[in-house]
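Please read this briefing alongside the sequence and the model.

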Amino acid sequence: MRRRRRHRGRRIVLLILILITAGFFFLRSRFNPIARELAITQVKNQTSDLINDAIAEQIARDNIQYDRIVYFEKDLQGRITALKTNMSEVNRLKTEILNIINDEILALDTHDIGIPLGSIFVPEMFSGKGPAIPVRVISISNSDAQFVSHFSEAGINQTLQQLTMEVSVDVTILVLSDTLTFNVMSQVVVAETIIVGTVPETFLSAGSLAP
């Protein structure tokens, strides 16, 4: 009798373990795609915020100034004949800002980018609640930045020129034992000025900064 009870107990325990294991793999296969999408969205949002904050900090420190990036060439009558780019200043800003951004992204806390279980299982009622699934940033690659110039009319014989910094980075994260790589892009207006007079057509048609 005791042996039978032991065998029954072992079978019950084994059955429970099998059900738990099967349930685990079922839930994993069903909710893994949701967790991955939420992780990517979360990291993209955090990364975009870090990029914006890094550029805003450089602007606040006056490290990004229009007249350091773009300068005018004029004829004897004072008319603008060319808009040229200070490429050494552009490259300096790109290197400095990208270094800050890369360091900030790699330092993201898993608590800040973790996925609450409530957002996966019952998002209608428990979104943002419950223990968080950890998400970790593993690496940053192919980070790049460029300045793009945009023109628009600002009044009679006046043109508004805006300099936009476009930052692109490839981020690799680890979530639920899966490694995911995706691209994050962000655009921030870093400087602008009003140009009085005619803007050279060659620069207007280019639409971007050129040496």
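Is Ala-145 buried or exposed? Ala-145 has a relative accessible area of 1%, so this residue is buried. The cut-off for buried is under 20%. Keep in mind that the model is predicted.

**Ala-145 and its surroundings**
- Ala-145 sits in strand 5.
- Setting aside residues up to four places away in sequence, Ala-145 touches Lys-94, Leu-98, Met-165, Glu-166 and Val-167.
- Ser-186 lies 41 residues from Ala-145 along the chain, yet their C-alpha atoms are separated by 9.5 Å.

- Three strands make up an open sheet, in the order 5-6-7, with antiparallel pairing.
- Strand 5 (135–155) and strand 7 (178–196) are the edges, and each pairs on one side only.
- On average, neighbouring strands of this sheet are turned by 15° against each other, direction ignored.
- Strands of a sheet pair through backbone hydrogen bonds, either parallel or antiparallel.
- Thr-159 stands opposite Ile-195 of strand 7.
- Leu-174 has Thr-179 in strand 7 as its bridge partner.

**Positive phi angles**
- Most residues other than glycine have a negative phi.
- Leu-176 takes a positive phi near 50° in the hairpin of strand 6 and strand 7, where two residues lie between the strands.
- Asn-142 is not a glycine either, but has a positive phi of about 50°.
- Asn-142 belongs to strand 5.
- With a relative accessible area of 58%, Asn-142 is exposed, because the cut-off for exposed is over 50%.

**Helix 3 against the sheet**
- Helix 3 (residues 87–106) lies across strand 5 and strand 6, and runs at about 140° to strand 5.
- Helix 3 has 20 residues and reaches 28 Å from its first C-alpha to its last, close to the expected 28 Å.
- Which residues of helix 3 are buried? They are Glu-89, Val-90, Leu-93, Ile-97, Leu-98, Ile-101, Asn-102 and Ile-105.
- An α-helix has 3.6 residues a turn, so residues three or four places apart point the same way.
- Leu-98, one of the buried residues of helix 3, is among the contacts of Ala-145.

**Thr-47 in helix 1**
- Thr-47 is part of helix 1 (residues 2–60).
- Its relative accessibility is 0%, so Thr-47 counts as buried.
- Not counting residues up to four places away in sequence, Thr-47 touches Ile-105, Val-169, Val-171 and Val-184.
- Ile-105 is also on the list of buried residues in helix 3.

**The nonpolar core**
- In soluble globular proteins, nonpolar side chains tend to be buried together.
- Here the largest nonpolar core has 42 residues.
- Ile-55, Val-167, Val-171 and Ile-173 have the most contacts inside this core.
- Helix 1, helix 2 (66–69), strand 2 (80–85), helix 3, strand 5, strand 6 and strand 7 each give two or more residues to this core.
- Leaving aside neighbours within four places in sequence, Ile-173 is in contact with residues including Ala-39, Ile-40, Val-43, Val-135, Val-137, Ile-138, Leu-180 and Phe-182.
- The contacts of Ile-173 also include Arg-136, Asp-178 and Thr-179.
- Val-171 touches Thr-47, and Val-167 touches Ala-145.

Methods: Residues are numbered from 1 along each chain as its sequence is written. This is a predicted model: local features need pLDDT of at least 70, side-chain atom pairs count only at pLDDT 80 or more; totals for chains, interfaces and linings use all residues. Side-chain values use heavy atoms; hydrogens and water are left out. Two strands pair if DSSP finds at least two bridges between them. Helices (H or I, at least four residues) and strands (E, at least two) are DSSP runs, numbered from the N terminus. Axes are lines fitted to C-alpha atoms, for helices over the stretch in contact, and angles run from 0 to 180 degrees between N-to-C directions. Contact means heavy atoms within 4.5 Å. The expected span of a helix is 1.5 Å times one less than its number of residues. Buried means under 20% relative accessible area, exposed over 50%, partly exposed in between (1.4 Å probe, protein chains only). A nonpolar core is a set of buried Ala, Val, Leu, Ile, Met, Phe, Trp, Tyr and Cys residues joined through side-chain atoms within 4.5 Å.
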